[in-house]
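Open the model in your viewer and keep the selection tool ready. The tour starts at the ligand and then moves on to the pockets.

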Amino acid sequence: MGNEKNKFETNAIRTQLNRTENLEHSVPLYLTSSFVFEDAEDMRASFAEEKQRNVYSRYSNPNSSEFIEKVCQMEGAEAGYAFASGMSAVFSTFAALLDSGDHIVSARSVFGSTHSLFTNFLPKWNIEHSYFKVDEVEKISQLIRPNTKILYAETPTNPGVDVLDMEALADIAKKHNLTFIVDNCFASPYLQQPIKSGADLVIHSGTKLMDGQGRVLAGITVGSSELIDKIYRFSRITGPSLSPFNAWVLSKSLETLSVRVDRHCENALKLAEYLEGHAKVNWVKYPFLKSHPQYEIAKKQMKAGGCVVAFEVKGGLAAGQKFFDSIQMLSLSANLGDTRSIVTHPASTTHSKLTTEERSETGITDGMVRVSVGLEHVDDIIRDIEQALG
Ligand SMILES: *Cc1c(COP(=O)(O)O)cnc(C)c1O
């Protein structure tokens, strides 16, 4: 479908299913649960997997295949499988690759539901995990046991926007024969390609920057054909597949990924620079600010800083909540990577059940605010934040 000579932007637009006899310009939606066979022999050969063809949309569907193909090109991956949500991608990837008794080493700063999966659910199948802090990569080797199978990380992290050195993690994984998996949702494949830094598998929540317009839930895992085959075999039986409709929406969204993400990053950097000098702000964290603790790593592995800016309002929890209540235009919502800018206050919402110490381990302080910077005019975004700080 794609062309290796073409650049990212071109493949995002020109990778598409073959035209039908109707010669449509825009790819049609294959809203069908199953596909028909020519005859008994065709059906036999298809079920025996002697033929590569669509059989049932739990296994594959043309719209999902187009979406997968695009993401594989963007990430430099051999194969992929598309899921109904980012979390079904995370869960199915672990479930397909791990056995009872296995162990995961992961950065402590992971998406809340991933943390819950590690802590509350995987132990049911006797799968354990150990966490390392984002700034203690040198301690990872001490956590690795004979039964460790996976090294897992997100970069940049949510909501602390810390950056992990993917090449350094890949080296550790290689040395200990671990499968290195990166959740690349915060950066999108436009800003960084973990496989080029040595990752074995890349996971995305398509819900965030990929859709980018807050409409559909989706997830995807891409990587080597060998690993993806295991994930595919597990998933086609257990049924977390992406709906063709959502795949169709997402494949269209990817056509505009590069222009959207460019503007997200431009707006986010301007907001971060504005906040850095503000009298009511203790600190600002954004990967492409020189003051970011992992600025050099971010520059090495990312094309730009992403859409999320974190900062701390002076005055702790109460000040954070007051800021939140004073916001007028920006949305108070839990999503990110949307055209609409979104603010969240992790200490009183998504991470309120953690103790202050547990929160600080994930990079969250009481006055911390996370902004997913959208595509409104940056002057209007800054004006709303300015009046709320006032
Ligand atoms: C949102 C998110 C997920 C989960 O994706 P859903 O589509 O909401 O299931 C996983 N990882 C990260 C980093 C996320 O931000």
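**Stop one: the ligand**

Select Lys208: an N or O atom in its side chain is 2.7 Å from an oxygen atom of the ligand, a polar contact (a pair of N or O atoms within 3.5 Å). The protein buries 92% of the 380 Å² that the ligand exposes when taken alone (accessible areas by the Shrake-Rupley method with a 1.4 Å probe).

This is a predicted model, where local features need pLDDT of at least 70 and side-chain atom pairs count only at pLDDT 80 or more, while totals for chains, interfaces and linings use all residues. Residues are numbered from 1 along each chain as its sequence is written, and side-chain values use heavy atoms, without hydrogens and water.

Next, select Ser205. An N or O atom of its side chain is 2.8 Å from an oxygen atom of the ligand. Then pick Asp183: a polar side-chain atom there lies 2.6 Å from a ligand nitrogen atom.

Now show the residues around the ligand, including Met87, Phe111, Glu154 and Phe186 (each has a heavy atom within 4 Å).

**Stop two: the pocket linings**

Which helix gives the most to the lining of the second largest pocket? Select H5, with seven residues; helix H5 spans 112-121. For the lining of the largest pocket, select H9, which gives the most, with six residues. Helix H9 covers 225-238. Helices here are DSSP runs (H or I, at least four residues), numbered from the N terminus. A pocket is an open set of points on a 1 Å grid over the protein atoms alone, where a 1.4 Å probe fits, with protein on both sides within 12 Å along at least five of seven lines; lining residues have an atom within 4 Å of a point.

Methods:
Polar contact = N/O pair within 3.5 Å; in protein donor to acceptor, adjacent residues only side chain to side chain. Helix = DSSP H or I, 4+ residues; strand = E, 2+ residues; numbered from the N terminus.
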